[in-house]
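Please report on the helix packing and the local backbone features of this model. Keep it brisk.

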Amino acid sequence: MPTFHVSEMAAGTESMTGENVDELGTQEVPVNQKLTFEVLQIVKEAQQQHGLRHGDFQRYRGYCSRRIRRLRKSLHFPQGNNRKVLPKKIDMETVTDVRFLHLPLFCAERAWYYAMQLKSEANTEQRKKFHTLAKIKKAVTYAEELAELCKSPKCDAQTQLESQAYLSWIQAGMYFEQEVWDKAMKLYTQAKTIYEKLASAFTEDSQALYLQMVDEVSPNIRYCAYNIGDESAIAELKEMRRKGGEDQLTSHLDDLLSQTREKQTATLSEVTWLGRSVPVKSEPVRVFLLNVQESTKEIESTEGIDGKISIYESLLKQCIDAQQIMRDSLSDDANFKASQRGQAIEGKISNQHYLHSYLMYIRLSKTVDRNLLLIEKLKQYLPGKSIPEGHKITKPQDLVRLYDIIIQNLNEIPNLQGVETDLTEETAVKSTSYKAFRSYYIAQSFLAAKKWTETIALYERVLKHASQALKGCKKLKNLSKQEISSIEELVNRVNGEKYSCHANSILDLETVAEPVADISLIKKKPLIDRFDDYIEDKSVTTKKPNLVSFPPDFEPIPCRPLFFDLALNHVDFPSIESKMEQKKSGGLTGMVKGWLWGGGKK
């Protein structure tokens, strides 16, 4: 009976995307057994593990090249030798192992994501657009080869459907880039239908991957419908964006919405800020300003804090790109260079420089709004509130850090070039009000540590900042009632907590002062001196425990007696002259005699 080779475990092999996946052993099975090739699972796992999770196209296509090389080596299917390339075409007779189907799949993946890399670089190098289209067509060729191989009776129905859906998705992407909207929409719909059918045929564990692909294809279908003439499609795209969080699908929706707004940029030729109108010449800057206008309505209609924060994050990313474009256009502006170095500028700045200041103002103000939403979210998990399982308790220090960033951003706004006195007073009032909130949460951190004196002092500072902010709010008319009411609510809360803190400090001193003092004195003693006193001293288990005193303390000891001879000077000693032998001198002769012969009397 004729046989052909398949991998030991089809599902297990396709779920492995490591470096050694292509060197697994094989076994022979009867020819009537079908090959199972899970295209979507293999592709998604490889993408997640090799760079596409972070948008690194170059890393992923490098992985595809290495995997193709290993496949050809393990299958003994080279494309020539070291001196000459001899291409070999894969046909139905060649497919004796499921790994042969990996070759056209990863060739298509490599070509497609090389095109995506070139597309991201084409913003600065226009010539790469032609190279991008050539790589996309090459990916389509490999996908067609894969679909043709999977039509073989050797492959089961799931393999045939997945390869057909993959081909439809690749072809739709090519027509999408060529702006052939009707063909792209037809092919995207075909791919979506296949994935929906596959999802309904499997259990919940397996169908999640197919449903994820359906969610990725749906925005492209609506965008194609919008370009064909369906005006309601843009509303559906916005609704998808509002429901989304911060993931790859949301980023894809942002790109589609930006492309739809490019058609509206012709109506935005200039922008007015603080009474001065300046022309907007750059197309990406126009798209960003339109996104800013639309974002206000989107945020109001979005339910949930996470969705609003996601919109602000996307807007800030676009703002950074728009600012970079403006910096490149101002590279020859002497005043702009001087302002970047922190030097003072005299006279009126150029229109493009003023537009850059306006973009910086948008970035700072939107960052403040984003941080206020983060604060509102973190307040839900403060101590004393019902916190659901899996959520981390918010510390007051976390809120203090966010208020610091807000105050810093507000202080930068009056220093922008072109801003004179129009925003100075407003930002000063807001900064003072946020200083009150920051001082309040610093006081909460001291309160948790039972530092009563510091807490009461910070409460007084809160009241001082709040009163200054309320006086400033009366002069300004553009502040919302919600901001004023939040300051008044803070004042009422602090007035109550201040007296409560004072009362707790008195009670704490009366009940805890003596025991704490005793324990603190005991803890200061080394362990060798307090064996009879039991206390839970955690310092004993640290790297520097207080076990003994070193160097040891001095101890008193009895000293040796000192004797003083006080009677010596008053004693009369007897004469000893009679006992002393008087020597007689021999003169010069005796000296010479003693020197020569060593003589002398003994």
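Predicted model: local features only at pLDDT ≥ 70, side-chain atom pairs only at ≥ 80, totals over all residues.

Residues are numbered from 1 along each chain as its sequence is written, and side-chain values use heavy atoms, with hydrogens and water left out.

**Helix packing**

Helices (H or I, at least four residues) are DSSP runs, numbered from the N terminus. Axes are lines fitted to C-alpha atoms over the stretch in contact, and angles run from 0 to 180 degrees between N-to-C directions.

| Pair | Residues | Angle | Axis separation |
|---|---|---|---|
| H11 and H12 | 283-301 and 305-329 | about 165° | 10 Å |
| H14 and H15 | H14: 351-379 | about 160° | 9 Å |
| H15 and H16 | 396-412 and 424-448 | about 165° | 9 Å |

H14 is therefore roughly antiparallel to H15, a label for angles over 145 degrees. The same label, roughly antiparallel, applies to H15 and H16. H11 is roughly antiparallel to H12.

H14 passes H15 in a left-handed crossing; left-handed means that the near helix is turned anticlockwise from the far one by less than a right angle. H15 passes H16 in a left-handed crossing. The crossing of H11 and H12 is left-handed.

Contact means heavy atoms within 4.5 Å. In H14, the residues that meet H15 include Met360, Leu364, Val368 and Leu372. On the H15 side, Leu402, Ile405 and Asn409 are among them. By class, the contact of H14 with H15 divides into 13 nonpolar, three polar and three charged residues. Here Ala, Val, Leu, Ile, Met, Phe, Trp, Tyr, Cys and Pro count as nonpolar, Asp, Glu, Lys and Arg as charged, and the others, Gly among them, as polar.

H15 also meets H16, with Pro396, Val400, Tyr403 and Ile407 among its contact residues. H16 brings residues including Tyr434, Phe437, Arg438 and Tyr441. The contact of H15 with H16 has 11 nonpolar, six polar and four charged residues.

Between H11 and H12, the H11 side includes Phe288, Val292 and Glu298. Ile311, Leu315 and Cys319 are among the H12 residues. This contact of H11 with H12 holds 12 nonpolar, three polar and two charged residues.

H8 is followed by Gly229, with a positive phi near 140°.

Side chains of opposite charge can pair when their charged atoms come close. The structure holds 13 salt bridges, each a side-chain nitrogen of Lys or Arg within 4 Å of a carboxyl oxygen of Asp or Glu. One of them joins Glu216 to Lys44, with the closest N and O atoms 3.4 Å apart. Glu216 lies in H8 and Lys44 in helix H2 (residues 39-49), so the pair links distant parts of the chain, 172 residues apart.

**Loop backbone**

Glu179 is not a glycine, yet its phi is positive, near 65°. Glu179 sits in the loop between helix H6 (157-177) and helix H7 (181-200).

The peptide bond from Phe550 to Pro551 is cis, with omega near -5°. Pro551 belongs to the loop between helix H18 (481-524) and helix H19 (587-597).

Technical notes. Helix = DSSP H or I, 4+ residues; strand = E, 2+ residues; numbered from the N terminus. Parallel < 35°, antiparallel > 145°, perpendicular 65-115°, else oblique.
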